Amino acid sequence: MKKFLIFIVVYCCFNFFLFQTVFAGTVVEKFKIEGIRTIASTKALQSELLKKLDVKIIDLNLKDTDSGWPVLKVEYDPDIISKNKIESAIGEIEDPAGHNYKVHKGPLITNAAPLEEESNAMMKFGDMTMDLKQVKNPTVDFDSSISRGKDMFAKNCAKCHGLSGNGYGVVAHGFTTWPKQLWVWHKADSSADSYLFWILENGKSDMPPWGLILSEDERWDLINYIKTIKKPEES
Amino acid sequence: MAEKIRPPRLRISRRIKKNKVFKVKVKFDHPSFTGLAIADDTSDPVFNRAIPVTFIRNMLVYYGDELVSRLRLSSGIADEPLFTFKLKAIKEAPIKVVFIDNFGKRWEASKKIKFKG
């Protein structure tokens with residue numbers, strides 16, 4: 001009987017530790033990191049974080065992140081370490097140039113609301129005025145126009161708007177605002193033509209005035225193609 | 001943006017004659033930066049965000065009470081920029097240059113125009 005009890009106790013202890021070690025409730029958290037300026041920065045962050053905390057770094061993704069911020073994926077045991085502790089540990093680490101890293105929490109791009117003074121200036125010198133002329137789409141053969149528009153889009157627009165029109169083109173990170181997601185114009189009717197034609201002709205924000213570069217027919221081809229761009233989930 | 005930014009400095013010609021064009025220079029030590037960096041040089045250059053973008057988004061020029069010019073700037077602007085522009089001296093009044101950055105912070109510099117000769 002005594003041996004049986006000892007066996008039960010040992011068996012329970014073994015199972016408990018096995019559960020704790022193998023099936024422990026680790027979580028994976030993603031942190032957007034500010035302050036990664038060089039390749040040395042990435043190495044310094046990872047090695048210092050491992051020295052400071054008992055965590056496992058799964059990945060430090062520099063490219064292809066939705067926001068453009070590098071994403072550090074960390075696995076940790078929430079019973080031992082809290083998320084706040086990891087964030088403060090990251091904030092204490094210095095890169096080789098002496099700058100501190102930080103977990104990014106703010107908006108993607110800070111652009112405060114215009115001051116009254118700026119709004120007045122914009123009213124006085126344009127920027128908000130849009131002289132929309134009623135225009136009519138002259139396209140007859142829509143299929144060939146859309147095909148030409150697609151080629152032109154890949155050549156001229158995809159760098160900023162993305163090949164799928166999602167607004168995450170390769171150079172879009174340098175702009176003050178993200179380029180428009182073009183599927184908002186999907187199946188837009190003729191009432192949108194005047195606006196789209198004006199925007200293409202005159203440009204807006206960081207977009208150049210394509211009226212100086214493309215002919216009127218080419219702009220209509222682009223407009224016809226833009227109206228066919230679907231949101232990826234729907235296509 | 002924790003660092004303190006010096007107010008802009010404005011310089012104008014010493015001899016300004018009525019109805020003549022004169023030059024205005026404005027220097028502003030603003031740490032404008034796209035916030036982008038190349039952190040991976042193993043493939044095609046791909047930029048990632050390194051720090052939050054900061055830039056002067058508007059420069060407004062007042063001559064007296066009148067707003068005479070507005071420059072709309074973007075994240076491509078250099079840090080510590082120097083602006084030079086010309087104005088026609090039509091009245092004895094202060095020149096004021098206002099800078100506003102993307103955080104909505106505002107700085108200004110002004111100097112009074114006095115005709116000589």
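Let us begin with one residue, B:Val97. Setting aside neighbours within four places in sequence, B:Val97 is in contact with B:Pro8, B:Leu10, B:Val26, B:Met59, B:Val61, B:Glu108 and B:Ala109. Two residues are in contact if their C-beta atoms, placed from the backbone, lie within 7 Å.

The model is predicted: local features need pLDDT of at least 70, and side-chain atom pairs count only at pLDDT 80 or more, while totals for chains, interfaces and linings use all residues. Residues are numbered from 1 along each chain as its sequence is written, and chains are lettered from A and ligands numbered from 1 in the order in which they are written.

B:Val97 also belongs to the largest nonpolar core, which has 16 residues. Those with the most contacts inside this core are B:Ile56, B:Met59, B:Leu60, B:Val97, B:Val98 and B:Phe99. A nonpolar core is a set of buried Ala, Val, Leu, Ile, Met, Phe, Trp, Tyr and Cys residues joined through C-beta atoms within 7 Å; a residue is buried if 20 or more other C-beta atoms lie within 10 Å of its own. Strands E5 and E8 of chain B each give two or more residues to this core, and E8(B) gives the most, with five. Strands here are DSSP runs (E, at least two residues), and helices likewise (H or I, at least four), numbered from the N terminus.

What is the order of the strands in the open sheet of chain B? The four strands run E6-E5-E8-E9, with antiparallel pairing. Two strands pair if DSSP finds at least two bridges between them. E6 and E9 of chain B stand at the edges, each with a single partner strand, so one side of each has no neighbour in the sheet. E5(B) and E8(B) pair over seven bridges, and B:Tyr63 stands opposite B:Ile95 in E8(B).

Chain A meets this sheet. Helix H4 (residues 116-124) of chain A lies across E5, E6 and E8 of chain B, at about 75° to E5(B). Axes are lines fitted to C-alpha atoms, for helices over the stretch in contact, and angles run from 0 to 180 degrees between N-to-C directions. The contact between the chains takes 27 residues from chain B and 30 residues from chain A.

Finally, within chain A, helix H5 (residues 142-161) and helix H7 (residues 216-226) pack at an angle of about 95°, with their axes 7 Å apart. H5(A) and H7(A) are therefore roughly perpendicular, a term that covers 65 to 115 degrees.

Technical notes. Buried ≥ 20, exposed ≤ 12 C-beta atoms within 10 Å, placed from the backbone. Parallel < 35°, antiparallel > 145°, perpendicular 65-115°, else oblique.
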